[in-house]
Amino acid sequence: MKEFILCILMAAEICLPIHTKGSDPTMADPLTVAKRIGDKLVRETPFAYRLELATDIKEFSGIQMIDFGRNFTVAGKTAAYAYTQLQAPETMEMEIQLGHNDGCTIWLNGKLEYQNDKDQKLALIYDERSIEFPFHFTARLKKGNNSLLIKSVSNRSEWRVYLQPPSDKGAVQNKTSVYPEIGLGKMKRIDNKVSAVSNWLIIGPFAAGNELDPILSALEEPVFGQIFQGIGGPV
């Protein structure tokens, strides 16, 4: 905006003669002319909002958030699951930071990688250029498709899980970091219009002590159409 105003002022000064002794006192000064030009542009330039669907970023290089509380009503201790896939360009290890309230369990390719069953509030650490999360685990990814399943248990309305690779805090890196692709785009029964909107499939709500852990964690991909007993009825 400053550059825009400066250009208008310069144009006004070029178009108008410099005031000298004996010049026309009725002639407007450059700032007034610039204001008139700006008002004309605002008045005659059409402007309108266009609403479009947001698309999730497909490179797992930043924060991923699953908001269970937006989708499920908490009835005492309540459980829900979230599923996604990580497409790794090569065999690799990466640290994944976590932020969550209450209990959280994570399986990678059917193997238990993280478990924390404490009752706790969500704690995010705000840095100058990043957000840090208090928990972490090391993900050992095979080349190609990797399934990631999260179980979250909560008794709070603020019910979220956050994941991210460690932040570089805005520092200039000497090497290029390699990140996997995240999302549902490689799943056979997921339309690309769905995978563009969300990187996660979620299911719930269930009683906290349900028996779904060994069933869901063993699946390479979710089986659509399966019915489970949820809180208040079938899911």
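1. Tyr162 is buried, at a relative accessible area of 13%, where buried means under 20% relative accessible area, exposed over 50% and partly exposed in between, for a 1.4 Å probe and protein chains only. Phe133 likewise counts as buried, at 6% relative accessibility. The model is predicted, so local features need pLDDT of at least 70 and side-chain atom pairs count only at pLDDT 80 or more, while totals for chains, interfaces and linings use all residues. Residues are numbered from 1 along each chain as its sequence is written, and side-chain values use heavy atoms, with hydrogens and water left out.

2. The structure holds six aromatic pairs. Rings of Phe, Tyr and Trp (its six-membered ring) pair if their centres lie within 6.5 Å; planes under 30 degrees apart count as stacked, over 60 as edge-to-face and the rest as tilted. Phe133 and Tyr162 form a tilted pair, with 5.5 Å from centre to centre and 35° between the planes. This pair links distant parts of the chain, 29 residues apart: Phe133 belongs to the loop between strand E7 (131-132) and strand E8 (135-141), and Tyr162 to strand E10 (residues 160-164). Helices (H or I, at least four residues) and strands (E, at least two) are DSSP runs, numbered from the N terminus. One aromatic cluster is formed by Phe68, Phe72 and Trp159.

3. E1 and E10 run antiparallel and are joined by four bridges, and Gln64 has Leu163 as its bridge partner in E10.

4. Which residues of E2 point one way and which the other? Thr78, Ala80, Ala82, Thr84, Leu86 and Ala88 point one way, Ala79, Tyr81, Tyr83, Gln85 and Gln87 the other way, and all are buried. Eleven of the eleven residues of E2 are buried, so the strand is largely enclosed by the rest of the structure.

5. E2 pairs in the antiparallel sense with E9 over eleven bridges, with strand E12 (residues 201-207) over five bridges and with strand E11 (residues 181-183) over three bridges. Gln85 has Ser147 as its bridge partner in E9 and Gly183 in E11. Tyr81 stands opposite Ile203 in E12.

6. The largest nonpolar core has 26 residues, and Ile66, Phe68, Ile106, Leu141, Ile150, Leu163 and Trp200 have the most contacts inside it. Such a core is a set of buried Ala, Val, Leu, Ile, Met, Phe, Trp, Tyr and Cys residues joined through side-chain atoms within 4.5 Å. Strand E2 (78-88), strand E3 (92-100), strand E4 (103-108), E8, strand E9 (144-154) and E10 each give two or more residues to this core. Apart from it lies another core, of 13 residues, including Trp107, Leu149, Phe206 and Leu212.

7. Asp213 lies in helix H5 (residues 213-217). Leaving aside neighbours within four places in sequence, Asp213 is in contact (heavy atoms within 4.5 Å) with Tyr81, Trp107 and Lys151. The C-alpha atoms of Asp213 and Trp107 are separated by 9.5 Å, although the two residues are 106 residues apart along the chain.

Definitions and conventions. Pairing = 2+ DSSP bridges.
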